[in-house]
Amino acid sequence: MEMELDDQGRMVVRPLLTDLYQATMGLGYWRAGRACEEAEFELFFRHCPFGGSFALTAGLQDCIRFLRAFRLRDADVQFLASVLPPDTDPAFFEHLRALDCSRVSVRALPEGSLAFPGVPLLQVSGPLLLVQLLETPLLCLVSYASLVATNAARLRLIAGPDKRLLEMGLRRAQGPDGGFTASIYSYLGGFDSSSNTLAGQLRGVPVAGTQAHSFVTSFLGSEVPPDPMLAPASSEGPAVDLPASVNLWLKRVCTYLGLEEQEPHPGERAAFVAYALAFPRAFQGLLDSYSVRRSGLPNFLAVALALGELGYRAVGVRLDSGDLLQQAKEIRGIFRTVGAEFQMPWLESVPIAVSNNIDEKELARLAQKGSEVNVIGIGTNVVTCPKQPSMGCVYKLVSVGGQPRIKLTEESEKRTLPGSKAAFRFLDSEGSLLLDLLQLAEEPPPKAGQELRVWLQGAQEPCTVKPAQVEPLLRLYLQQGQPYEPLPSLDESRAFAQQSLSRLRPAHKQLQNPAVYQVALSEKLRALVDSLSARGPL
């Protein structure tokens, strides 16, 4: 299993969830006498996912937990010894046994931050061999979490603020860990709840769920509840035989809807009754096991009205097939007229939930003005991120021993930005985002109201910018292995993500052909890049 428990009983990634070449490079560093040289890496991405103009950063809490628990066990070292050359000096393995992150520091964007290409999500500094070993686990923890959070944020933007979004993709996810991660970070990205109970237990994600078609179809209608009696919600008055009451209501409902009393499926009705006896204060009905109009709806109404007579209120229905938008509209109309007919006006506001492989296009349709859909369950299209299955994050060396390092390569877009850096976000007078600035850490921070000459990424000439507000982006979360700034809770990160998105200009939030958000370099950083590009690393 690639996960283990830390000293607080929380799941963390094991150190050997990595690529072999991290260990082979480690041996190379050690053999060259460079294992303990101070180095800094940056974790970032080159292109925004899904063809959009932004990403949300996520996974920081998992990274900090991993770093604080990092320690190679004897079994880990023994395995590495079995795959490295047999004549490897035993002292190297003793060095590995002694490794921990007591000399590692991490600066990062706060979880839930807006992130843009080239801006570091993490800056990791410490002994060269060790921070090299951290590359793959940190990429694994940040890349998928940020991808899912960004995907969820896109879906939230499509749905608007009022529709409730339920993540229900655990069974569709790429393995248990993928499912667990998706449930956490789809919530951070803007979903309201998840079907994943482990995410609820371990990370506090609100959980939701009711019944599947198997529950409904398991009943034939001949089943007799062991205790059919249900007391009123107020606990005052005698208990009522719920199945008998439902049968009486069914006659009235069928007469009103113009249906034969034999049309609604008796097994479906028995399933609804069983569920209502178990959850009288949270009764919901899955309507499409047989026929929504001729069976699911009248059976639901009979049970809901019987419960209503006892002072309970049904909390929802779900549709999982057919034209979801049109059916929701028809069902809402029936709820209104039936509620008025039988003097139970609360019925017209019963939430309608829908599911059925909902993607961005169908979500936009369900979220349109006038839609009667209240809750939307999305599984495959949030957890698998089918429009882009990978975030494309990279982890690149930027300095060793305080000296900048650069990667040039044969592709200009893969060239790295050298040196230890600071990052700032510029805002206009209304609080909207203007651009992000990268500069060398040694430079004085920019000030609000100050004119600056900067180089937009890819530009041939500098430009001048005068921000009304300036925000530093990177915060120190781990200093020499010890927590520095407290990590926010998942709910705090979720709220921060929505606040961050609210400051993004509409042109940058467009999901199709958005305006590109600009990232700029300071003049000094640009000069360093040009210098090293011309003559190679120092």
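Here are a few notes on the cavities and aromatic rings in this predicted model.

1. Ground rules: local features need pLDDT of at least 70, side-chain atom pairs count only at pLDDT 80 or more, and totals for chains, interfaces and linings use all residues. Residues are numbered from 1 along each chain as its sequence is written, and side-chain values use heavy atoms, with hydrogens and water left out.

2. The model has two cavities of 30 Å³ or more. A cavity here is a set of points, on a 1 Å grid over the protein atoms alone, where a 1.4 Å probe fits but cannot get out; lining residues have an atom within 4 Å of a point. A volume is the space filled by probe spheres set on the points, which are joined across faces, edges and corners.

3. The largest cavity holds about 80 Å³ of space. Its lining includes Pro15, Phe70 and Leu133.

4. The second largest cavity comes to about 40 Å³. Thr57, Gly59 and Val142 are among the residues lining it.

5. On to the rings: there are 13 aromatic pairs (Phe, Tyr or Trp rings, the six-membered one for Trp, with centres within 6.5 Å; planes under 30 degrees apart are stacked, over 60 edge-to-face, the rest tilted). Among them, Phe215 and Phe219 sit edge-to-face, 5.3 Å centre to centre with 65 degrees between the planes. Tyr275 and Phe279 make a tilted pair, at 4.8 Å and 35 degrees.

6. Look at those four residues together: ring pairs link Phe215, Phe219, Tyr275 and Phe279 into a cluster.

Methods: On a 1 Å grid over the protein atoms alone, a cavity is a set of points where a 1.4 Å probe fits but cannot get out, and a pocket is an open set with protein on both sides within 12 Å along at least five of seven lines; lining residues have an atom within 4 Å of a point.
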